[in-house]
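Visitor: Could we go through this structure together? I would like to begin with helix packing and then move on to some individual residues.

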Amino acid sequence: ICTAAAWHATAAAAVQMTGVDVPTAFNGLAIAVFACAWMPGVAWFSAGLVQRGDRLAATAIALVLAAGLGFYPGALLIWGVLYPTYLAYAILPAGLGLAVLVVRRLLHWGNGNGLAAGPTWTLWVLIVLWLAAAGFSHPRSLIGAAVVAVPLAVAVTIDLLRRRWRTGPHARRRIVAGLAIAAAALVVIAAGAVLFVYRHYDLAHRPVSDHLTGVQARPVESFGAALWQVLALDAFTGAGLQRTGPLIGFAIAVAAAAVWAFWTRHRTRWLVVSYVIVGVLYALAAGSDTAFAKIATGMWYKDRFRLAALLPALAIPLVAMFLAQAPRRWLWKGRWTAAPVVPLVAAGLTLVIAVSSW
């Protein structure tokens, strides 16, 4: 048993059990992963971001948009032999959904939704199973999940500290001491990371510029052009430098959702921050050859495709959350007579965005 073996083992089992040829097994497995892992995972992640009454709408919207953005993670099947990475990224949204569920239970985010106080043993089992699946699919996908989850962890920490700070001076002293210890630990970790990079890449004898010089790491445009691709969702398809073209409808929806989530929903600001971080990392990989760009994106081999595949996993839940909840707040405002308009508006906007993506 080794890491990154899940795809190869499953494809080999399909050939041995059904007798089909390798290309047929490959295509069947790719479709199955997309339909049974990527789309449900994105939908479940999206549903966890909204209140109970809006979860059905968020799930339906996410499923439609996940089908419309099939070039990611699908482009990983075309660019190089990244089949294990494709599988790992397909199950990544499910892991993010588990993280959100843990937070909701720990902090009672979304009170009144029937959530228990604290994660259950079933939830911990699911987390262990997901970690095992991600590790055997491709362990480096866990780094992408960690980068996305860091803003969530920061948001949770701030929320917990605020609650404890109000309980009295004794709690405040403990918080200050804990923050001092955490700061010292971060300094030690940062120093260890720098030392690891210095020794692992032999920077004393080979400068950073001598590393990551393969075809996957070479910049193909300017940093500004790469940032525009993120904003316009003008994605590489995996076939050379061919791109999908700007997805104007979806890009506008992502921008509106990001602004709405950041200014009106403090509990989902972390998702916007995560999207910005991934977008900047993608721009560094695709549009820069500096030492900083190589260090920042080295864990992804400075491969723009590996980073770009993270964007839809965040953009789709953002838009699904926005379309499922914003129309209710803008049009309903407590008046039951306007309630039927809400799903119609959300469905119409979803179809417009999906058609612009296809």
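Visitor: Which residues of helix 7 meet which residues of helix 11?
Guide: In this predicted model, helix 7 contributes Val-147, Val-148, Pro-151, Leu-152 and Ala-155. Their partners in helix 11 are Trp-270, Val-273, Ser-274, Ile-277, Val-278 and Leu-281.

Visitor: And how do the residues of that contact divide into nonpolar, polar and charged?
Guide: The contact of helix 7 with helix 11 has 10 nonpolar residues, 1 polar and no charged.

Visitor: At what angle do helix 7 and helix 11 pack, and is the crossing right-handed or left-handed?
Guide: Helix 7, residues 141–165, and helix 11, residues 269–287, pack at about 150°, and their axes are 8 Å apart. Their crossing is right-handed.

Visitor: Stepping back, what does the secondary structure of the chain come to?
Guide: The chain has 15 helices and 0 strands. Of its 358 residues, 44% are buried. Among contacts with a separation of 6 or more, 70% are between residues 24 or more positions apart.

Visitor: Let us turn to the aromatic residues. How many aromatic pairs are there?
Guide: The count comes to 9 aromatic pairs. One of them is formed by Phe-26 and Tyr-83, whose ring centres lie 4.8 Å apart with the planes at 55°, so this pair is tilted.

Visitor: Where do Phe-26 and Tyr-83 sit in the chain?
Guide: Phe-26 belongs to helix 2 (residues 22–47) and Tyr-83 to helix 5 (residues 83–107). The pair links distant parts of the chain, 57 residues apart.

Visitor: Is Phe-26 buried, partly exposed or exposed?
Guide: Phe-26 counts as partly exposed because its relative accessibility is 22%, where the buried class requires under 20%. Tyr-83 is also at 22% and counts as partly exposed.

Visitor: A change of topic: where is Glu-221 found?
Guide: Glu-221 is in the loop between helix 8 (169–200) and helix 9 (223–232). With a relative accessible area of 17%, Glu-221 is buried.

Visitor: What does Glu-221 touch there?
Guide: Leaving aside residues up to four places away in sequence, Glu-221 touches Ala-226, Gln-229, Phe-236, Arg-243, Tyr-282, Ala-286 and Gly-287. A polar contact of 2.5 Å joins its side chain to that of Gln-229.

Visitor: And Lys-294, is that residue buried or exposed?
Guide: Lys-294 is buried, at a relative accessible area of 4%, and lies in helix 12. Beyond residues up to four places away in sequence, Lys-294 touches Val-208, Ser-209, His-211, Leu-212, Thr-213, Asp-289 and Lys-302.

Visitor: How far apart are the C-alpha atoms of Lys-294 and His-211?
Guide: Those C-alpha atoms are separated by 7.9 Å, while the two residues are 83 residues apart along the chain.

Visitor: Lys-302 was on that contact list. What is its phi?
Guide: Lys-302 has a positive phi of about 50°, although it is not a glycine. Most residues other than glycine have a negative phi. Tyr-301, likewise not a glycine, has a positive phi of about 60°.

Visitor: Where are Tyr-301 and Lys-302 found, and is each buried, partly exposed or exposed?
Guide: Tyr-301 is in the loop between helix 12 (291–297) and helix 13 (304–308), and Lys-302 is also in the loop between helix 12 and helix 13. Tyr-301 is partly exposed, with a relative accessible area of 29%, whereas Lys-302 is buried at 0%.

How values were computed: Residues numbered from 1 in each chain as written. Predicted model: local features only at pLDDT ≥ 70, side-chain atom pairs only at ≥ 80, totals over all residues. Heavy atoms only, no water. Axes fitted to C-alpha atoms, helices over the stretch in contact; angles between N-to-C directions. Helix = DSSP H or I, 4+ residues; strand = E, 2+ residues; numbered from the N terminus. Left-handed = near helix turned anticlockwise from the far one by under 90°. Contact = heavy atoms within 4.5 Å. Nonpolar A, V, L, I, M, F, W, Y, C, P; charged D, E, K, R; others polar. Buried < 20%, exposed > 50% of the residue type's maximum accessible area, 1.4 Å probe, protein only. Polar contact = N/O pair within 3.5 Å; in protein donor to acceptor, adjacent residues only side chain to side chain. Phe/Tyr/Trp six-rings, centres within 6.5 Å; stacked < 30°, edge-to-face > 60°.
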